[in-house]
Amino acid sequence: MKIVHTKHDVRDAVAAARAEGKSIGLVPTMGALHEGHLSLVSTAAAECDFVIVSIFVNPTQFGPGEDLERYPRDLQGDAAKLQPAGADLIFAPDPEQMYAEDACTVVSVGSLIEGLCGAHRPGHFDGVTTIVCKLFNIVQPDRAFFGRKDYQQLVVIRRMARDLDMPVKVIGLPTVREADGLALSSRNAYLSDEQRAAAPKLHQALQAGVGAARGGATGAQVERVVRDALAQEPLFDVQYVQAVDANTLQPLGEGTGPMAIAAAAYLGKTRLIDNVAVED
Ligand code: AMP
């Protein structure tokens with residue numbers, strides 16, 4: 001496994017792999033890797049001949065006052081985890097490598113970013129789609145792997161690839177969780193012991209919503225169930241709870257049907273997100 005820092009070196013490695021007839025898989029990450037990321041890498045390694053993992057804390061997807069500076073960075077630790085997971089190449093550029101000083105092109109999807117996290121993190125998804133588009137152009141992967149943990153992101157990237165005819169298959173994989181249900185996240189490292197003990201209640205609240213939805217509850221009723229469950233934990237400062245159509249991400253309101261139930265809540269300064277799917 002090699003670590004490279006420039007687009008030029010990535011393109012050379014991809015050209016060499018292609019010359020050997022290999023298929024290319026890409027797993028974009030911001031590093032501080034955990035088992036959730038590694039599950040994407042192992043699936044990529046099972047499905048593709050040459051797996052590239054990008055590690056880049058992308059400044060354009062962080063808003064003012066968010067955790068860009070304190071976001072955990074550990075390239076050597078990440079590399080030690082990636083080799084056994086089946087990665088062939090790590091691409092770890094610095095911001096200057098990725099953005100020209102006068103860069104002014106932005107890739108932006110439309111209505112899908114208006115709700116959920118998009119409503120609370122202005123500009124976030126434009127940063128995500130622009131960097132992922134750039135990574136797709138640099139690597140030109142056959143397949144790219146994303147976690148359902150960031151459900152809106154997955155739907156948005158899928159739509160971008162479809163709308164812009166990008167020749168890549170976007171694959172979404174299940175959320176990896178701790179034994180107590182907490183979704184693995186690099187940001188869990190910020191939690192105090194007390195906050196960590198409260199954190200799994202986010203998933204438990206969403207599961208209560210799943211139960212209600214299976215019993216025939218409408219989107220609005222499901223949201224109430226989840227909000228009531230979250231209200232039992234005083235440490236949560238809830239940002240949103242939404243039951244949306246799993247494909248369009250539009251709020252279901254008084255409707256039912258295939259549903260994603262998503263929530264964001266702060267524990268202190270740490271913002272946690274999670275979501276669950278309810279099949280019809
Ligand atoms: P990040 O480094 O947070 O930008 O995440 C990189 C990729 O890993 C994204 O596609 C995430 O959705 C995915 N991911 C993060 N946490 C998990 C998890 N707990 N289970 C599965 N995938 C995850």
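**Ground rules.** I number residues from 1 along each chain as its sequence is written, and side-chain values use heavy atoms, without hydrogens or water. Because the model is predicted, local features need pLDDT of at least 70 and side-chain atom pairs count only at pLDDT 80 or more, while totals for chains, interfaces and linings use all residues.

**Second largest pocket.** I looked up its volume: about 270 Å³. A pocket here is an open set of points on a 1 Å grid over the protein atoms alone, where a 1.4 Å probe fits, with protein on both sides within 12 Å along at least five of seven lines. The volume is the space filled by probe spheres set on the points. I then checked the lining (residues with an atom within 4 Å of a point). It holds 16 residues, and Tyr 99, Thr 105, Val 106, Thr 130 and Lys 134 lie nearest the pocket centre. Helix α6 (residues 124–139) gives the largest share, six residues. Helices are DSSP runs of H or I, at least four residues; strands are E, at least two.

**Leu 116.** I found phi near 50°, a positive value in a residue other than glycine. Leu 116 sits in helix α5 (residues 116–120). Leu 116 is buried, with a relative accessible area of 5%. Buried means under 20% relative accessible area (1.4 Å probe, protein chains only).

**Leu 249.** This residue also is not a glycine, yet its phi is positive, about 65°. I placed Leu 249 in the loop between β7 (236–245) and β8 (259–267). Leu 249 is buried, at a relative accessible area of 6%.

Terms used. Buried < 20%, exposed > 50% of the residue type's maximum accessible area, 1.4 Å probe, protein only.
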